[in-house]
Structure formats: structure tokens, C-alpha cells
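Subject: Structure handover

Hello,

Here is the structure we discussed handing over.

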Amino acid sequence: MPRQVRPADVVIIGMGAAGGVAALPLAEAGLSVVGLEAGTWLDQRDFAPDEIRNNYRDWPFLVKKVEDERPTSRATSATNANRVGGSPMMNAVGGTAVHYWAQSWRLNPWDFKVASETVRRYGFSRLPAGTTVEDWPLDYEELEPHYDAVERAIGVSGNAGNVRGNIDLKGNKFEGPRDREYPMPALRWTGFLERMADSARSLGWHPFAGPAAINSERYDGRAACAYHGFCNKGGCPVNAKNSPLISTIPKALETGNLKVVTQAHVTTIEVDREGRTTGVNYVVGTEEYFQPARVVLVAGYTYENSRLLLLSKSNAYPDGLSNNAGQVGRHYMSHHQGGAVGALFPFDLKAWYGLPAQGVAIDDFADDNFDHSDLAFIGGGNLWAMSDRRPISAASMSTYGRGRNWGSGWKRFIHENSDRSHGAYIQKTTLPYEDNYLDLDPTYTDRLGLPVIRITAQYKENELRAASYMQDKMEEWYRAAGAVEITRSGLGNTMGITTHAYGGTRMGNDPEMNVLDRWGFSHEAPNLGVLGASVMGTSGARNPTLTAQALAWRTATHLVEAWRDIAE
Amino acid sequence: MTDERRKKDAITRRDLLKAAGAAGAAAMIPTSLDGAPVEAIRPVASAVTAMSNAPLMNLTARETEILAAMIDRLIPSDELGPGALDAGALGFIDRLLSEAGSTSVDAYRSGLAALDRYSEYTRGGRFVELSERDQDSALIDLQTGGAGGAGADFVGSSGGFFNMVKSHTWQATFGDPHYGGNVDFIGWDLIDYPGVRMRVSDEDQRLLDAEQLEPVRRSAYDYAMFGTGRPRGPDLDGEG
């Protein structure tokens, strides 16, 4: 028998980017909240600027739950799934937001209405074959106040491009209207980034500094970014990277209403005969516990969310919790971030002290910001030129066809070119499809003997065409900035494990097609909510975290407002 | 680097390479310009000094010899300056193999033996006996995966073995000296890395853009907040 602990109003499974944010409005409203976190606490002293540890070896976290249960993947159901590589995520209070790039975008209004807008502008035939895309159950305007709240609660720097319809070219002219400016101005640019911006303008494009959950100046008692150059998969030693670990979680703890339990590995969610959740089973070491709660919020990573529901079988839900419509695991997407473009310049870029969230963005070819009438795809991509370089990765750069990558000839090459290469980050619209999904793997298990998630998914024609188009645009930009060599990588095939994984517990008004209602609560188990990018029905062409956080904030505030309806 | 220094390094390295099989990592003790122990100038090099005069823990003398010869071709010491052996790559890899949970020891052992067999079958001599030109062509075969047959019997692929050694050699040469490599900051000097700083001000970036920023040469763990038993809190250059 598991040990029963004191009941809570709300149990949140996962104290990461989404759960760690949602805890704050719940705790502030006076609800008793228990946050179950598989990882442990980390602090500034754990975040040495050390490329070997950050980028080549294991991070200093004690618990490796994500690694232990990393999914298998395959392109289609015709093949067996393989388990390759490692997990890019981590377990800790604050989650992977402890070491993420911290780019903090709002989605474009189009991303909420891909289906209806595509039909309206181009006709029904332009929706890609096999896609299950539908409009979100809410639009940008409805999410705007929650974006605003989270930008202030965690601290986001950036230049507004559209405040209540007033366009400012220092920011993104294509963004949806904002109620007000960002709480901090954007991170600075280097000489090379200025050059990239000038080149983009010479092409008639609209460059701007992207938004980041990184302090460009002192904010809420925390230091400004020190630009030390180890931000890529690095924790911040000066606490300028605004993960929930240092922003919302400490504030929620101050209310006295949040209790965080670390090294708590959740195994299943319990339900009663009516199908309402009653609490959560978890283990700490070999000790089993049951945490009773009136509301359960699942806030793991996308793979964990579907997995936990599928593993929680009961009489009320024989195929997994909230899965009587067979929608858990459906509408899965690995964000298309592949199809990279690299460039070699004939001069040093002085990029040693940048960070991935510091850069120049181009949104002219994202979403539906340009006319697709004569193009064979919908959506597009965000071009991102950042400032990010570390010694080992610099020395491991491509030789751009100029000889082999070791030996004396290479030494001369690297001595001259170590600071002259650049890699663009290009995020593309990725759509959900009928045959892209998550389920439980029939072979691989974690240490507890529970099956891991199996990804069956591949990029389709729409994604590949958009990727090829974006590579052309990126090459054009690099050439305008003076690049002398360009490399392009493949456009992608199998959707593997990624840091941008969406779907599996999609929100939508139709219970036959969606696990969650418009507020992020289950269509089947009324006191079960889900937080994270697993609720999103489209990817957008930009990093998901801020949108996942805004949705989590919205779900939490809705829970407070509708407490009686949901919890009782 | 001065011509004199370069000559001295080259001679030292060659002599030491010969001795590598017998003395293991001991061969790779760096010396500073004036011959004083490196430790006296660069505290971070103490880990390397501590390994001196000791054979590698995880590889035999024969394996060490092959690995040293391979590493010496990957990043050679040449007229441009010292190479990966001088940076302490052997000792770095040995430490890596000693770490709990390391699964690479068998990969090194079998890969190095296969490299030797491949050299015998295709070029008529043990890898260490081949000319530099033949060593390079054998390594190109490994890298491209073309060394699979010929009785070499690489476990997995020869390219996998090559890439593992290359990756570790790069980490050793260009990573933080904390792990025993990048001795005398050889790797960071080669690529003109301006160094680990805890804060890079607007003015620092301007100086960097203008090629006027002086490089810093210290390990991340030389900053107090990352050491053990030190006071908490950031240790920022100049401010904070």
C-alpha cells in the first residue's frame, strides 16, 4: 500500500516551464498546491561556464527520468521503432527551462486559425492531404492577456512591433497586437548582428531583435545578462535566465500555499467510479506514495503527458485516462527545425560572447505573412541569426569543402576561420497529420518496467517544401551579408525526439477529436487538466515555451475562477 | 609564439612521443617557456602535473602508443604550434575512461587493436611504424568507413571509432582545462578564443569587435563561485 500524504487542492505533476508557472496564480488564489517534481533543486553554483559539461557530458542533475524513458521513433507504422540518441530535456525544479535558449515568442494570430484562414484565402484544396489541423478553440486576442501576464511574471525582454495597432519596426511588424511594451528592452546586438540586420533591410525585409526570457537589464531583483557565452544548454550563474526556478516558483513558495516535492516520480493517476481523478501515485526511491487532490494538472513534457495518461488505465478509462475517444497521442508534431543553413564569412564575426537568444529575426516569410498563391505549401518559417559560439563547437565547424577536418592543413584552416562560420536557426510551420502519433512502445520500458513512448511520425510534403523555400531565403540573406560559402543540410524525414514536441493531448471544442476542452481540461475527466505544448494544435514558426506558459497561466486562472464547477 | 618556443615544443613532443608507449601519459607533461613547471604559472594545469610519471590507468602501453600516434596526426604539433598531445589529450581520455559509467573503454581497446591490424594488412606495418603519410591515409580510411574489411574487424564501424577519438581529442584540446586537457591553453590560443569571462560588458564587446580585447586565460573553476567550499554568490569581473 502506498503511503497516503495530506490531501491538496491541486497537484501539479512537473515543476517545469508550464507547471512552475501555473503554480503561481493557484497559490496566490489561496489554493493548496503540491508540485511533484522528478528532479531536484539546482542553483547558480551548479552553472559553471563549462562547455564539456553543458554540451558534451551529463548535466549536474541527479535524476535522469527523461533519459530513462526517452521515446523510440520511426517514420511510419511500416517499420520498427529505434531508440537512438539521448533526451535533450532535463529533470529539475524549473525543468529544461533551467538551460533552454529562452527565446520567448508569442504565436502569430494566424497560428490559431490555420484551417479557416487557409480555406478563406486560398481555398479548401490548399490544406495538405492527411492533415488533422483545426482552428484552436481560442484566438490570439483571447490569449493576449495571459501572454502579457507571463511576460511580466517571468521577465521577457524584447521590442514590441505592434502595440494596439501601432507598428514599430524596432519590433516584429507581423506580430499580433500587444496591449503594451515588453517589460524590458531587447538584448543587445553585436557588430555582426548589425551587419545581418542591414543586409536584411537591403533586401527589403524587416529585421528585429527577438524576444527572450533573459534580463536585458536588472529585473525583479535579478541581474542583467552577462553575455558570457555559455548560455546554450547552460544554466545562468547570475540568474538572468528566467526559468520558473528563479521567477514564479519562489513567489509561489512565498505564499505558503505551494509545496514542492522533489525526486517524486509519478507513475499513474487514480480515478473514482465516475471517472473523476482522485490523486496521483508516485515513488521516491523505492517508497510509494499517494497524493490525494481535488484537481490533477499534468505538466510534464509532451512525451510524458501522453505517456502518463496512457499508463493510467482504469475501469472508467480502459485505454488510458481521458482516452475513451482514442485521441491521446494524436495530432503529434516534432517542430521542423531541421534543414539548416550554414555560412562561412571572410572575416571574424566576434561571436564568442553571445547567446542563442540574442539575434536578428526575420518574420517576412513566416506563417501567412506573405502570399502563398503561387507556392506549393502553406505556412513558412522564422529566420534567426544569433550570436553563439563556444571553443569546442567552433573547432568542430564544417570546413566548407576546403579539405579534411583534422591534421596540419585543418589547423591552419581553423586558426583562420574559427570565428567565421555561422549557423542559422530556422523554425518552420509544422502541421498535425492523421498518421503522425504517439503510443506506448511494445518493446522498450523504463527502469520501473513501464513502456516508453513510441513516436510514429514524419515530415510531409508541406513541411519539406517550406523548409526548402526557407533555405533559399536564408542563403539569399547570407550572400547579401558577404558569406563566401554556404552549406545546406537535408530537409528531414523521421520526426525524432525534439525540444519542440507538440500535441498528444490537443485542446479543441470537439470531444471526438480532442482530449482537452478550450480551457485545457479533459472532455472526459472534468477535474483533470493538462499543461504544456502537448495541448497545442499547431506549432507556429517559433519556440513554443512562452505559448505553453501563457496557456498554463490561462488554465490555472480559469481553475481559480471555476473552482466549484471543476473541483466539486 | 616565438620560433624558439616552437622548436622547443617540437623537439620535446617528438622525444616524448617515442616514450609514450613506455611511460604513458607521463610523456605529455608540458613545460612553460622558461622551463618552470606549468603549475607555477597556471594553477589549472595542476591536474595534468598530478598525472605525470604515471602510465594511463585504462589502456596498456601498446594501446597508449597507438592512441598517441593517432592523436598526433589528428591535431599535430607543427610549425603553427603545439598539438593535441601537448594539450594533454592522452591524459584527458584516460580520465574520461575512468569515470563511473564510462562505456568507452572497450570501444577504445577494440578500436585501437583494429587500427593496428588494419595498418598491418593494408600498409605492411603497425600503425606507429607507418610514415606520417601512410598513417594519414589509414585514418582517412577509418573516417570514411572504408576500413571495415581487411581483417580489421572494427566493432560497429571504423568511422564510429574515428569520430569517438576525434570528439574526445577536440574536447581535450579545446575544452576547459579543468578536465586535464587544453594544457597551457594551447587549444584556445590556436583558435584565438578570448577566454572564460563571467561578464562581458557592452564595452568589452566593442573592444572585441575592434580586436582590442585582451584574452583571459583561466578555467571556469578558477572563479570562486564554482569551486567547492567557497562562499556563495557570483564572482564577477570588476562588478557585482
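This is a predicted model: local features need pLDDT of at least 70, side-chain atom pairs count only at pLDDT 80 or more; totals for chains, interfaces and linings use all residues.

Domains of chain A

Chain A splits into two domains, both built from separate stretches of sequence. Domain 1 takes in 1-95, 136-150, 243-334, 431-457 and 499-568, while domain 2 takes in 156-232, 337-428 and 459-493. Their C-alpha centres are 30 Å apart. Where the two meet, 15 residues of domain 1 of chain A contact 22 residues of domain 2 of chain A. On the domain 1 side, the elements that supply two or more residues are helix H2 (51-56) and helix H5 (140-155) of chain A. H2(A) contributes the most, with 4 residues. Sorted by class, that side of domain 1 of chain A has 8 nonpolar, 3 polar and 4 charged residues.

Hairpin E18-E19 of chain A

Strand E18 (residues 437-445) and strand E19 (residues 451-456) of chain A run antiparallel and are joined by 5 bridges. One pairing to look up is A:Thr445, whose bridge partner in E19(A) is A:Pro451. Between the strands of this hairpin there are 5 residues, and A:Gly449 adopts a positive phi near 85°.

A:Asn514

Is A:Asn514 buried or exposed? With 23 other C-beta atoms within 10 Å, A:Asn514 counts as buried, because the threshold for that is 20 or more. A:Asn514 sits in the loop between strand E21 (501-504) and strand E22 (528-530) of chain A. Leaving aside residues up to four places away in sequence, A:Asn514 touches A:Gln327, A:Arg506, A:Met507, A:Gly508 and A:His523.

Helices H7 and H8 of chain B

In chain B, the axes of helix H7 (residues 132-143) and helix H8 (residues 158-174) come within 6 Å and cross at roughly 110°. H7(B) is therefore roughly perpendicular to H8(B), since that term covers angles from 65 to 115 degrees. H7(B) makes the contact through B:Leu139, B:Leu142 and B:Gln143, and H8(B) through B:Ser158, B:Gly159, B:Phe161 and B:Phe162. By class, this contact of H7(B) with H8(B) has 4 nonpolar, 3 polar and no charged residues.

Regards

Key
Residues are numbered from 1 along each chain as its sequence is written. Chains are lettered from A and ligands numbered from 1 in the order in which they are written. Domain bounds come from an automatic or database domain assignment. Two residues are in contact if their C-beta atoms, placed from the backbone, lie within 7 Å. Ala, Val, Leu, Ile, Met, Phe, Trp, Tyr, Cys and Pro count as nonpolar, Asp, Glu, Lys and Arg as charged, and the others, Gly among them, as polar. Two strands pair if DSSP finds at least two bridges between them. A residue is buried if 20 or more other C-beta atoms lie within 10 Å of its own, exposed if 12 or fewer, and partly exposed in between; C-beta atoms are placed from the backbone. Axes are lines fitted to C-alpha atoms, for helices over the stretch in contact, and angles run from 0 to 180 degrees between N-to-C directions. Angles under 35 degrees count as roughly parallel, over 145 as roughly antiparallel, 65 to 115 as roughly perpendicular and the rest as oblique.
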